[in-house]
Amino acid sequence: MARAGGITNAVNVGIAVQADWENREFISSISLNVRRLFDFLVQFESTTKSKLASLNEKLDLLERRLEMLEVQVGTAASNPSLFNS
Amino acid sequence: MSVPVEEAIAALSTFSLEDDQAEVQGPGVWISTERGATNSPIEYTDVSAYRLSLSEDTKALTQLNALIQEGKDMTSVLYTYRSCVKALPQLPDSMKHSQADLYLETYQVLDLEMSRLREIQRWQVSASAKLAADMQRFSRPERRINGPTVTHLWSMLKLFDVLVQLDHLKNAKASIPNDFSWYKRTFTQVSAQWQDTDTVREELDDLQIFLSTRWAILLHLHVEMFRVNNVEDILQVLIVFAVESLELDFALLFPERHILLRVLPVLTVLATSSEKDSESLFKRVKLNRLINIFKNDPVIPAFPDLHLSPAAILKELSIYFPKFSAQTRLLTLPATHELPTREAQDYQRHYLIINHIAAIRAEHDDFAIRFASSKNQLLLLKSMDDADIEWAQEVKGSMYDMVVEGFQLLSRWTSRIWEQCAWKFSRPCKDPFPTESDTSTLYSDYEKVVRYNYGPDERKALVELVSYIKSIGSLMQLCDTLVSDALWETIHAEVQDFVQNTLASMLRTTFRKKKDISRILSDMRTLSADWMANTSRPESELQTSQHGVEENKENFFYPRPVAPTAAQVHCLQFLIYEIVSGGNLRKPGGLFGNTSSEIPINELKQLETFFYKLSFFLHILDYSETIATLTDLGFLWFREFYLESSRVIQFPIECSLPWMLVDYIIEYQNAGLLESALMPFDIYNDSSQQALVILKQRFLYDEIEAEVDHCFDIFVSKLCETIFTHYKSWAASELLDASFLFALDNGQKFSLQSMRFTALLKTTRVKLLGRTINLRSLIAERMNKSFRDNIEFLFDRFESQDLCAIVELERQLNILQLSQELLSKDIRIDSFSLMLNEMQENISLISYSSRLASQIWAEMQNDFLPNFVLCNTTQRFVRSLKAPLSSVQKPSVPTTKANFLCGTEDLNSAHQSFAQLHSGFFGIPHMFSIVRLIGSKSLPWLLRALLDHISNKVNSLESMIAALQDALPKSNGLLPFDGGVAGCLRLIKEQLNWGSKTELRTEVLRGIKEIGSVLYLMGLLDIVLRQVDTVHFMQTAPWLGLVPGADGQILQSQEGGDSPIVTLFKSAAAASVSAPGLSNSALFSTISKQAEAADLLYKANLNSGSVLEYALAVTSAALDKYCSKWSAAPKTGFIDITTSKDFYRIFSGLQIENLQEQVQSTNHEVLGDSVAWGGCTIIYLLGQQLHFELFDFSCQILNVAEAESASIIHAQKNASSQGGGLAILLEAMKKARRLNSHVFSMLKARCPLEDKQACAIKQSGAPLHRIKFENTVSAFETLPQKGA
């Protein structure tokens, strides 16, 4: 019966595994930080969006106000005689 | 200059990323840089590096994984297959000749679809062959290769599952053989002129057999498996593995659990295909264990809308596998539809989420708190520079535990939803609640299993659970990058602890003597130990330990945030499996439950724990992938099977479960659930993701997209309606009198249940199918529109009612204003005044009328003045009982929406009953409303209109009065006393022969009445304005430094000085200049200048004149023209008694005739008291008051009557026949006299007649100076330019 196990060259494998751990430490640290960068960008995007949305809201209100004032001024300007006396 | 990566990334956290939007949706953005460790075949390519002679196994593994992937694509093709035949056109008779063309076209269309089916057929043949070959390799009595590894077992099971599913789909889809037979028919038509069609025909026959045979794939697999060699060994291993994994239920997430459940019945059937086999199987696995598993899960979810039932599968397969039919115990398991009632109820209790929701809620709350606290600890740890290492490990370890717990919770919850769905599909609703409108409608099957199968409570529980899953999912997803290094570190520490400490001690003690096992153990150390992480230890120790020399103290590891690779985990699991199984597939008993093993129980336990931990590591390494799988609820939308069986293209959205949930939230207005209203939309997100990525079908995505668009529109409009109604009823209940409500028995129903819209109102980003929607701005937009619509509605409503409704209008506008105020705390909407002005068409700077003002004026002119009569005592105008002269055409009342009034029905009726109090008359309250509503801008316009009305009336009266004057006799003197009352009356009747001029007379009376009404209105307005002004004065006086003097004069408190407001801000400005630390002193000087301006403006406003006096002056000016006609100077210079045709004569005549008429008819209130007001005012302004009092007919008669009653008392007694009427007449005359004198005294007070210099008023309203009037109103006091 063929028993499992029996790494053919245990010492070499051990050294390779050790090197692998170290390499992977570097890789995972880089990849994690790239992901953090991504995360940041995503979050930045979403908060910026909501900030822009609230700015947009204020502008909307102002725009409507301005429109109203424009109409008022328009009515006044079409009858200048009323304001000359 | 280079910056370390960590520092650069850490610097990003200095950005402020605050956001006031709550997390009201599930996780939306997935970033995963790693290929999933659990499902990617690439991960196993480096297995060979560990030199475990697993290359054969790895090759097979890769092959199986590729097959699984292909198989999944095949299943999605089959699942999403929709019948083409239904869409085929029928040729009309006129085009029969092109039948052949149609056949060709049809053939080409169908050929494409059928080629896919052919592909599936070919694929399943090769897949079965490969799987069978793979299995046979491990069934040889002496195996030559290492394996199978645990991963390999899983791959076999998964491929098995795919094949079974495919088979199942093929069986369930009736449209496929249908389409195929059509295809074949067209083929025979088309291929008639083709050559060499035999091979194709053969192929077609093959395909037909494949498609029409039930369980064709499974049968084929069975043949393949048992062709050369028996595979029962490996089958038994698989069954044991599945049963043990299911029983332990530790490392299984729900997708895996479902795979095992689906495969197990089929495996059992295959493994018991001979008696010997079944005996050996049941030796290893007791039959009861299998039956228990089948009984525990009578329904297994397989596809979104199709479930499997182990009992049914076993029963059906027994026909095809005759040997299996001997297993009677397995065959007598009841299928779901034949469960006895009691058992069904037990299952029902188990499957329905509603029975578990309380426990789930508690779990959720508890977990969310603990997870957050672990996260905070981790953040704290990261912010510290030199944290204690042990503490750091503890914190990270607890984070790891929380993540494991979170995954298990999510898996449990999501599988609950899957299983509830499967249960519901297996038990359709028996009798849908009868709708009152159409009971005859037949419900489709899908409606029976979904729409009517979830009661309100169940929907609520489902919404709750969905939002728990999604919120925990997003909570975990958000801290992905935060926790991942902590997780890696913990896993690393666990693995190292096991291989360096546990294994070391095992090697030293238990397995010292056993060569085989100790070799495997040391292999395990070799392939995963990270010795260098042990930097603290001296070099020598490192050397020794590497050679496995004993060491007494436990090793301590320095953390390294690197997780083992999937290949390492794979190898470790393999080796552990080798140890416990001894490499013998035929070993009786289970995996770890083996008592006859050579391994002591204690070590076995340790190995077992580590073994299962390893399999969970992979899920944790796939952090975001796992969360995505576990929170994926997209299956709730799919309904391909029911679409096919119902023969419709798509179901209406009322049948769509996600929409049902959204609808439930909106309709039932549960305050707690409202914040989860967006959660069900995540289901759409998930299902569209599935449609694109897993099922790869564009048309499904299009259908989902269309439904989402539609649903979201409805959702927003319903939500806005709810919000609007809520704020309206909130405002309406605020405006009810609180103390009154308190005293009321049923006051409770007017109070409002509070709702929490804040979270939804703050949502600026709703993620929907990859789009971002600004919900907040949508709501704001709709709110602006609703408010405008509401104002419009109120005006429409007012325009359809009479003037008395003005009080109600004001009240409704107040409610609207208050609700705008309340709502604008949460969301930015237009100011109320802006909206009101816009809707009133009142924004022009130079126009002073408005929609409301002109409506009020029109109403007065057309309805109020002609049809209302004054009652002097009550100071009210009421509608005349007589039918109106001119029936006014009014727009019909606009259809009422409850939320355009006060919100709810109860509040509506409450406010309605209040409004009713004011709907029958016009008086002071109405005047108040008018003043407040049209404001200082349009009020002058209304006044002008009313005053013009007076002068117009006077003008129009002129000719009629002239006619009456002509009709008077040449001379009519004083009434003689001789004839008594009766004689006098007769005399008057003779003299005033206006009989032919009745119409003229009433016309004149009406004119006078209208003038009187207007004047009385002015009186009311005067009173109201006084009050308003007084309040205003009280508010401004302290700021302006005004104090009342002794005689009612207004005095300046500090002579010559500034008013308090100016002084205050001046001193503030002065102080700010001298104060050093203040930056913007200019601001204070601006404020002080503005204060001076305000001071001037408000002071100028103080002494407004009386409206009534002004109106009288205008009336007098209007009468001025007719002074000569109506008040002719006597030629003789004496008072003209007999021939005078002055106005007072006319009015006197009119009055007495009117009185007589009133007495004769019962209709008293024809004209009301305003006639007296109009007539007397004109008389007074013409200076004829004394004449009138002297010569008035009724006065004279009263005098006569007085004299009569004094001398002849019996006259009343014998004149009983007409004495009654007479007495009443006399009484009326007395009343009229009283009224007249009241009016005169009022006029004397408000407008004393003086002979002095005065102003007249031109038609345009401008005053005319220095005109001498005799006996005219002293208008001087009242004119606006006084003091100028």
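**Two chains and their contacts**

Trainee: How many salt bridges does the rule find across the interface of chain A and chain B?

Mentor: Across that interface the rule finds seven salt bridges, where a salt bridge is a side-chain nitrogen of Lys or Arg within 4 Å of a carboxyl oxygen of Asp or Glu. In one salt bridge, the side chain of Arg36(A) meets that of Asp485(B), at 3.3 Å from N to O.

Trainee: And what should I know before reading any of this?

Mentor: This is a predicted model, in which local features need pLDDT of at least 70 and side-chain atom pairs count only at pLDDT 80 or more, whereas totals for chains, interfaces and linings use all residues. Residues are numbered from 1 along each chain as its sequence is written, chains are lettered from A and ligands numbered from 1 in the order in which they are written, and side-chain values use heavy atoms, with hydrogens and water left out.

Trainee: Back to the interface: how many residues are in contact?

Mentor: On the chain A side 52 residues are in contact with 69 residues of chain B, contact meaning heavy atoms within 4.5 Å. About 5500 Å² is buried between the two chains, and carbon and sulfur atoms give 60% of that area; buried area is the accessible area (1.4 Å probe) that two parts lose on being put together, summed over both.

Trainee: Which helices of chain A supply the side that touches chain B?

Mentor: The rule finds seven salt bridges there, as I said, and α1 (10-77) and α2 (81-84) of chain A each supply at least two residues of the side that touches chain B; helices are DSSP runs (H or I, at least four residues), strands are runs of E (at least two), and both are numbered from the N terminus. The largest share, 41 residues, comes from α1(A). The residues on this side of chain A divide into 22 nonpolar, 16 polar and 14 charged, counting Ala, Val, Leu, Ile, Met, Phe, Trp, Tyr, Cys and Pro as nonpolar, Asp, Glu, Lys and Arg as charged, and the others, Gly among them, as polar.

Trainee: How many salt bridges does the structure hold over all chains?

Mentor: Over all chains the structure holds 59. One salt bridge joins the side chains of Lys396(B) and Glu489(B), at 2.9 Å from N to O. Lys396(B) lies in helix α16 (residues 389-426) and Glu489(B) in helix α19 (residues 480-508), both of chain B, so the pair ties together parts that are 93 residues apart in sequence.

Trainee: New topic: what is the order of strands in the open sheet of chain B?

Mentor: The order is β5-β6-β7, three strands with antiparallel pairing, and strands count as paired if DSSP finds at least two bridges between them. The edge strands are β5 and β7 (921-922), each pairing on one side only. Four bridges join β5 (residues 868-871) to β6 (residues 876-879); among the partners, Phe868(B) pairs with Arg879(B) and Val869(B) with Val878(B). β5(B) and β6(B) form a hairpin with four residues between them, and Gln875(B) in the turn has a positive phi of about 60°.
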